[in-house]
Amino acid sequence: MSYPALSSTAGRHGLLLSPYTGAITLPRTKNACKRKKSRVASRAAIVEARPQPVPAVENVTGGGNNSVPVLGRDSSSSPVISLRDRTNDMQAEARAMVRAVNASVYSPQLLSRNYGSRPVKVLQRTIEIFVGLGSFAFELWLDQLNGQLDQNRRFRAVQLRKVFTTLGPTFVKIGQGLSTRPDLCPPEYLEELSELQDALPTFPDAEAFSCIERELGLPLDSVYSSISPSPIAAASLGQVYKAQLKYSGQIVAVKVQRPGIEEAIGLDFYLIRGLGFLVNKYVDIISSDVVALIDEFARRVYQELNYVQEGQNARRFKKLYADKEDVLVPDIFWDYTSGKVLTMEWVDGVKLNEQDAIERQGLKVLDLVNTGIQCSLRQLLEYGYFHADPHPGNLLATPDGKLAFLDFGMMSETPEQARSAIIGHVVHMVNRDYDAMARDYYALDFLAPDVDVSPIVPALRDFFDDALNSTVSELNFKTLVDGLGAVLYQYPFNVPAYYALILRSLTVLEGLALYADPNFKVLAASYPYFAKRLLTDPNPYLRDALIELLFKDGKFRHVWNRLENLLVQGKKDRDFSAKDALQPALKLLLGPDGEELRALVIKEAVRVTEAVILGSMIDTYNSFPNPMRTLIFNGKATGPLIMSDAELNSTMELRAQVFRIWGLLRSSENFDPTLLQPILQLSPFYSRLLLLLLLHLCCHFAMLRG
């Protein structure tokens, strides 16, 4: 992967290479500010006081190298951190926070004061937006009238990218979102809009280098021994340079914020917010508070303007999720970070939507996407702290097969109550429990507690009965979201802002997967995680959801089918443990609130024991030679038992299913049959019955191994 804006920069700008390090260098100057007088000098603002025995900045311009910046590694990356290192790191972070004390914060009231008294500027920007988008829409309409939509598609895609770029950062972010949606945009549009992720027009390097010196309060040559003369990548809010730290020789990426960015996005959000008020007032089909959704998005964008906040987000993300060996989340160099400058470590890799480049490294895109999905599920449903902007420019496949998360400016959180409710909601959906699904909307904060959900149930049934005619592995996330959206519009739902960001995160991941496999389904890849959480999580809400799944109105509801399916799916999650699955269930079964459940389990245990013993008798009978069976039992299929064929088949299937479930448990990590010993406390008679059943199961599998 090479970035278009970076080709041949070394030749164009007359860089000097140090014979000792290979780094790009310039002679030392007496006054760092003099570099700003010359464009060429400023673009080659790389200083090295004297040769350093440190690694070279190889291929700084990116030609032929799959290089993307990620956040830097500090003392927290080491498994052993001294108290002094930790203290120094905290002090460096505190100093960075002081440098960012004047960072912009989103305030609708402040925007109203700033732009409410500037009607001319507001009108000018409104006209710019209307002309830019209106002219594109008009020409698209003409193409449709003339039957030239397909013929002009590439040209219109380029045109739309240029319109978004011209309109500025706010619309660039809209384009970034569209670039990951192959279900919404044709391939030509996806290809063009993907350039908005890191190949945007750059701003002058002199301004960038001046910003670094101003923000850090240090001359450039006292911080970096070398720095690329032009940006390696340019995004909506800033651009990135490749450099080498002077004090350690480490290779880093330096992100510098675009000048005047607060003014540009502030005016756009002022206009968009005004449009939101009009939608709330006059568009009845949208029941959600559009202004609240705009405010939430705007707050996230403004947080991206504070690079110290981004560094803190990255630190928190790393602590929560980088425990998995296939996830890479580096950290920040605080001493060289401020509100508008972020100094990060550099790592090589490929953007996740560049399938050919990834496969040339011997990696599989779908494996990386699955890693992203599993990590996202942990983000959304375990800790609730999630990356809200996972477009391909922010997801990197490293040469060793890891998935690196980049750009932690836009983050969000899922409320604790909603995390369990989402898991329960998926389980209720898969099992077509529409009454429970409707009640989930209280916990999800979609409905006020006084809203009657009974009228919603038929609407859910009408949609999901059709959607669920497919198996879980065939369900498409977008189809479900669109269908659920149609239901939401009909009733007094208020979609929380966090939910919109969750949808964005998951639809982006599904869009990335569709690049590699048009038949990929996010729900199919996600269901093992949901099954594992349902089986292993002691959360009371999820315990109730599991009981609802297996029992209904005091009866078993296809319990063995569903339990087997949950175990099969849960085992696909690499963190699944049978021990973790059994302990919460046993605690619930033997607890003070488990009396009704114990009665059901004992009753079912009798049925299972009968099936196992009778099945064994039938197996023994079938092992007799035919003449002996005819002589003793008159050749009956059931031998001495009085059973119909249907009863026989049901008994044998139940026994086979119990054996399969036992096999799944035995083959799981950390499984110990003695974990089931507390069940023997249920009653003297049934404890002997269950003990007999367990012994029979163990003997059965011992014979299979023999």
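## A walk through the chain

Of the 706 residues of this chain, 53% count as buried, where buried means under 20% relative accessible area, exposed over 50%, and partly exposed in between (1.4 Å probe, protein chains only). Please keep in mind that this is a predicted model: local features need pLDDT of at least 70, side-chain atom pairs count only at pLDDT 80 or more, and totals for chains, interfaces and linings use all residues. Residues are numbered from 1 along each chain as its sequence is written, and side-chain values use heavy atoms, with hydrogens and water left out.

Let's start with the overall build. The chain has 28 helices and 16 strands; these are DSSP runs numbered from the N terminus, with helices being H or I of at least four residues and strands E of at least two. Among contacts (heavy atoms within 4.5 Å) between residues at least 6 apart in sequence, 72% join residues at least 24 apart.

Now to the inside. A nonpolar core is a set of buried Ala, Val, Leu, Ile, Met, Phe, Trp, Tyr and Cys residues joined through side-chain atoms within 4.5 Å. In the largest one, which has 137 residues, Leu352 and Leu460 touch the most other members. Helix H20 (residues 497-516) gives this core its largest share, ten residues. A second, separate core has 19 residues, among them Phe203 and Tyr336. Cysteines can be buried too: Cys211 has a relative accessible area of 6%, and Cys375 one of 3%.

Next come the charged pairs. The structure holds 27 salt bridges, each a side-chain nitrogen of Lys or Arg within 4 Å of a carboxyl oxygen of Asp or Glu. In one of them, Glu263 meets Arg118 at 3.2 Å, N to O. Glu263 lies in helix H11 and Arg118 in the loop between H4 and H5, so the pair ties together parts that are 145 residues apart in sequence. Glu263 is partly exposed at 33% relative accessibility, and Arg118 is partly exposed at 32%.

Two further pairs sit inside. Asp143 and Arg156 form a salt bridge (2.6 Å, N to O), and both residues are buried. Lys532 pairs with Asp573, their closest N and O atoms being 3.7 Å apart. Because Lys532 lies in helix H21 (residues 522-536) and Asp573 in the loop between helix H23 (559-570) and helix H24 (578-590), this pair ties together parts that are 41 residues apart in sequence. Lys532 is buried at 8% relative accessible area, as is Asp573 at 7%. Elsewhere, Arg154, Arg161, Glu191 and Glu192 are linked in a network of salt bridges.

Finally, return to helix H11 (residues 261-282), the place of Asp268. Asp268 is buried, at 2% relative accessibility. Beyond its neighbours within four places in sequence, Asp268 contacts Arg125, Ile129, Leu167, Thr170 and Phe171. Ser112, in helix H4 (residues 108-116), is partly exposed at 37%. Leaving aside neighbours within four places in sequence, Ser112 is in contact with Ser117 and Tyr270.
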